[in-house]
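Hello,

Here is the structure we talked about handing over. Please have a look at it first; my notes follow.

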Amino acid sequence: MIDLTDPILELIRLAATDLPPDVEAGLRTAVGQEEPGSAARGALETILKNVEMARQDSTPICQDTGTPIFYVNYPEGWSTRLLRSQIQQAVAEATRRAFLRPNAVDSLTGKNSGNNLGDEHFPTIHFEEVDGRILKIDLMLKGGGCENVGAQYSLPNSELGAGRDLAGVRKAALDAVQKAQGKGCAPGILGVAIGGDRGSSFLASKEVLLRQLDDSNPDPELDDLEKRLTREANQLGIGPMGFGGNTTVLDTKITSKHRLPASFFVSVSYMCWAYRRRQMIVEEGQITYN
Ligand code: SF4
């Protein structure tokens, strides 16, 4: 098995310092939707300037480089034990080179490990064995501020008047956006999972954020709801960084999972404008990044 420590280090550098093209394009479109001279437009212009500087200087896009979350799809024959070790080594080296801020803190003592390594959940690594010969690693850096405003709802919810249907899902997701205002660093991207149990629902609401900003949901009903939620969230007037304006979210992504008859969870993962995700492909010994 080839040693992927250095290629994974490059994946981390790219994720932390070079915002993906679809996210940057979304931010540039948003600038044109805000009034010239408004605080909202100024916030977006500052964000974009920061994005350019980070890319040019290979420095983190935001001071909080977040929780590194790896999604590894590996063909038969790869050792997940070795891949985990190489990912951990790359994370420690990325921290040493200041691509990542030391973010792993012992929850009981408050002590920072100093290298972004903690128990087996820091960094988070999801492994999935797949058919074929291509190894794919997706990395998402999930900021703390936006993670704090994620929310989970158990429907029906009488306070929101939300039942166990897509209309109820809509009310829950909009409530989460409303409550996130002033926090979470808007404009955000909403990852929404319908169903599952509490744990799998939250996991799915994050994983759906790996989709491209400009794609469509293959389910027409969910696609309609994604577009509607984005439109309606942008009518709330929260705006970039909570300054008011027309851009509260850049996009919405929704997934649906099987659930128990007794439960109907809606989980919302809120991703901030620093939507840092990158992908690495290993095929026939060749490595490419997206
Ligand atoms: S929520 Fe995102 S943009 Fe805001 S401080 Fe955290 S990582 Fe940075």
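**Helix 7 and its surroundings**

The buried residues of helix 7 pack against strand 1, strand 4 (151–154), strand 5, strand 6 and strand 7 (265–271). Those residues are Ser201, Phe202, Ala204, Ser205 and Lys206, in a helix that spans residues 198–207. Buried here means that 20 or more other C-beta atoms lie within 10 Å of the residue's own, with C-beta atoms placed from the backbone; exposed means 12 or fewer, and partly exposed is in between. Contact between two residues means that their C-beta atoms, placed from the backbone, lie within 7 Å. Helices (H or I, at least four residues) and strands (E, at least two) are DSSP runs, numbered from the N terminus.

Two points on provenance. The model is predicted: local features need pLDDT of at least 70, side-chain atom pairs count only at pLDDT 80 or more, and totals for chains, interfaces and linings use all residues. Residues are numbered from 1 along each chain as its sequence is written.

Two strands pair if DSSP finds at least two bridges between them. Angles run from 0 to 180 degrees between N-to-C directions, and axes are lines fitted to C-alpha atoms, for helices over the stretch in contact.

Strand 5 (residues 188–194) and strand 6 run parallel, joined by 7 bridges. Ile189 has Asp251 as its bridge partner. Ile194 stands opposite Ser256. Strand 6 (residues 249–256) is mostly covered, with 7 of its 8 residues buried.

**Helix 6 on helix 8**

Helix 6 (residues 166–179) packs with helix 8 (residues 220–233) at an angle of about 35°, and their axes are 11 Å apart. Helix 6 contributes Leu166, Val169, Arg170, Ala173, Leu174 and Val177 to the contact; helix 8 contributes Glu221, Leu225, Arg228, Leu229, Glu232 and Ala233. By class, that gives 8 nonpolar, no polar and 4 charged residues. The classes are: Ala, Val, Leu, Ile, Met, Phe, Trp, Tyr, Cys and Pro nonpolar; Asp, Glu, Lys and Arg charged; the others, Gly among them, polar.

Strand 8 (residues 276–283) runs antiparallel to strand 9, with 4 bridges between them. Met280 stands opposite Tyr289 in strand 9.

**Two domains**

The domain assignment, automatic or from a database, gives domain 1 (5–15 + 61–143 + 276–289) and domain 2 (145–271). Their centres, taken over C-alpha atoms, are 26 Å apart. Each domain gives 8 residues to the contact. On the domain 1 side, strand 1 and strand 3 are the elements that give two or more residues.

Best wishes
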